[in-house]
Amino acid sequence: MADVKQEPPRTIDSILELLGSLGRYQLFQAVLLCIGNLTICFHLLNFVFIAQTVKQQCEVTPLYGNNTNTNYGTCDVSVQNTTTNVTSTHTCSAWTYDVQKDHSIVSEWDLVCGNVFFARLPQSLFIVGQGVGAATVSGMSDKFGRKPFLLLSHILTAGAGLALAFSPNIAAFSALRLVNGIFQQGIVVCTYTMIMETFPRSKRIEISTFYTLSWNFSTILLTGTAYLLRDMDWRTLQLCFVSVSISVFLQIFFMAESLRWLITNKKAKRAMALFKRVAKTNNLDVTDVQLPGLDITQTPVELSSTKSKYVETPPEKQPEVVKYSCLDLVRTKFMLKICAVVWFSWLVDSLTYFSLYLTSSSLHDDQYLNFFLNSLAGVPSGPLFWFVGRRWGRRVFFMSFHVLAGVCLLLATTVRALAVGQAASVTATVLAFVGKIGNSACFNAMFVYAPEIYPTNLRSAGMGSGSTAARVGGMIAPFISILAEIAPWAPGTIFGIACLVTAALNYMLPEAEGRELPQTIEDVKAWGKAPAKA
């Protein structure tokens, strides 16, 4: 009887499909990665609550004599001599607050009036740290593996966050905030990369939607936590926020390395062991299944850990591992074009999002309710990406929602500049809110699209470089408020035009819908601009 050989899967994507695209193992890994969103959120946005603005007044100090009328303001003391009728102004040296002294870093370290710059410095340094981390730390996972750098980033982020609660002064606090940003970005890039590599192309957009919704849930949970602990001092609040990092123990013991990364980098023993583990968890028989780069027909070698057998394809038959450096992102005109569009898109989206948040009027006077409402604005981004991106492709999604954001922001600016009255105000607010939804959808979706268009051994580096561009936008955003005071119409006009330019540039990007994650640059070059046929 002739031997019947089963045709081995030709791609890694087919291997992932074979293992069950939404099997128990894959769903458990997705939950573990989504839990990491709590850590990202609680370390990124905690500053809003531990550095709350407070109402201050110059401390009453009887230094100006009995023959004076003294008026204590928020930053200055006005002293009128009742004899000579001469008024002099003195800068405050101490303040009293409407909250307890240790309620916020602002009140504890008197970061008001002339010291207000130091109240904003820690968050600016955090964003700088994110840029540094995106450009350096995150790319190392392409070389050494996803899981080790994800866990290392979690642990170091937790350490820096814990140290923040014991900062003796604003200088130490700012330095630790910088370190916190560096390693927090390692979590972001590694998590998004792994979530994309764990699932085949048929399920990536559903999982990305689930992941985006888990981020929105995390921001809402942060709001609730901060509200319930609103009477605590900022150090206790910070310790509560850091406590979510305990979830890293779940990832240490139960999360696996990316099978796609193991196969691409020819980590034969680990890839086969993980492959069999996934199959066993999902109750699948893969006895005759061969992984790319492995040959089960040769003399077997026993694994000490799993007691299973496999052999590596002889070197002359084994495909060469394609190694890239960060320079390969810009070495060719093709990759440079992709990177330039991704960087510009991410910069514009980040700048627009954070600037709208910082310069727009509050939706409500209550800080906690305002933060909650802003969190809700991001909820539609996941479902919108799933609905549009799956039917018409990623490029159509980005082009459409950048146009939506640009048009709405320009219209809102025009209405505010040319119309008056309650109706005009409501109309401008609604248009700005719709524009913010469109901008938020593009910003969140880029975390999904970017891993799809970079080769495996450039994926984290590509994500990191794009995220660095986003941090540049975040660093510019605080200065937009200054421009808004000089020319109120300028920010909305700039953001609207920038979003429309971005929509045009997005046409140059390849289409990832229906395609397997690329292994090499040549794989990306072979893509067209329309979704692949199923």
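Predicted model: local features only at pLDDT ≥ 70, side-chain atom pairs only at ≥ 80, totals over all residues.

Residues are numbered from 1 along each chain as its sequence is written, and side-chain values use heavy atoms, with hydrogens and water left out.

I turn to the aromatic residues. Rings of Phe, Tyr and Trp (for Trp, the six-membered ring) pair if their centres lie within 6.5 Å; planes under 30 degrees apart count as stacked, over 60 as edge-to-face, and the rest as tilted. There are 14 aromatic pairs in the structure. One of them joins Phe-28 and Phe-254 in an edge-to-face arrangement, with 6.0 Å from centre to centre and 75° between the planes. Phe-28 belongs to helix α2 and Phe-254 to helix α11 (residues 248-254), so this pair ties together parts that are 226 residues apart in sequence. Helices here are DSSP runs of H or I of at least four residues, strands are runs of E of at least two, and both are numbered from the N terminus. Phe-254 is partly exposed at 43% relative accessible area, and Phe-28 is also partly exposed, at 39%. A further edge-to-face pair is formed by Phe-387 and Trp-392, 6.1 Å centre to centre with 70° between the planes. Phe-387 is partly exposed at 40%, and Trp-392 is partly exposed at 48%.

Next, the cysteines. A disulfide is a covalent bond between the sulfur atoms of two cysteines; the criterion applied here is a pair of cysteine sulfur atoms within 2.5 Å. How many disulfides does this rule give? The count is 2. Cys-58 and Cys-92 form a disulfide with their sulfur atoms 1.3 Å apart. The torsion about their S-S bond is about 65°, so this disulfide is right-handed. The pair links distant parts of the chain, 34 residues apart: Cys-58 sits in strand β1 (residues 56-58), and Cys-92 in the loop between β4 (87-91) and β5 (95-97). Cys-58 is buried at 1% relative accessible area, and Cys-92 is buried at 9%.

The sulfur atoms of Cys-75 and Cys-113 are 2.0 Å apart, and these residues form a disulfide. Here the torsion about the S-S bond is about -90°, so the disulfide is left-handed. Cys-75 lies in the loop between β2 (68-72) and β3 (76-81), and Cys-113 in the loop between α4 (105-108) and α5 (116-135), so the bond ties together parts 38 residues apart in sequence. Cys-75 is partly exposed, at 24%. With bonded cysteines counted along the chain, the disulfides follow the pattern 1-3, 2-4.

Two residues deserve mention for their backbone. Most residues other than glycine have a negative phi. Asp-110, however, has a positive phi of about 55°; Asp-110 is in the loop between α4 and α5 and is buried at 19% relative accessibility. Asn-283 likewise has a positive phi, near 55°. Asn-283 is in the loop between α13 and β6 (301-302) and is exposed, with a relative accessible area of 62%.

On a 1 Å grid over the protein atoms alone, a cavity is a set of points where a 1.4 Å probe fits but cannot get out, and lining residues have an atom within 4 Å of a point. Grid points are joined across faces, edges and corners, and a volume is the space filled by probe spheres set on the points. A search of the whole structure finds 2 cavities of 30 Å³ or more. Of its 16 lining residues, the closest to the centre are Tyr-25, Gln-29, Thr-198, Glu-257 and Leu-259. Which helix gives the most to this lining? Helix α2 does, with 4 residues.

Definitions and conventions:
1 Å grid on protein atoms, 1.4 Å probe; cavity = no way out; pocket = protein on both sides within 12 Å on 5 of 7 lines; lining within 4 Å. Buried < 20%, exposed > 50% of the residue type's maximum accessible area, 1.4 Å probe, protein only.
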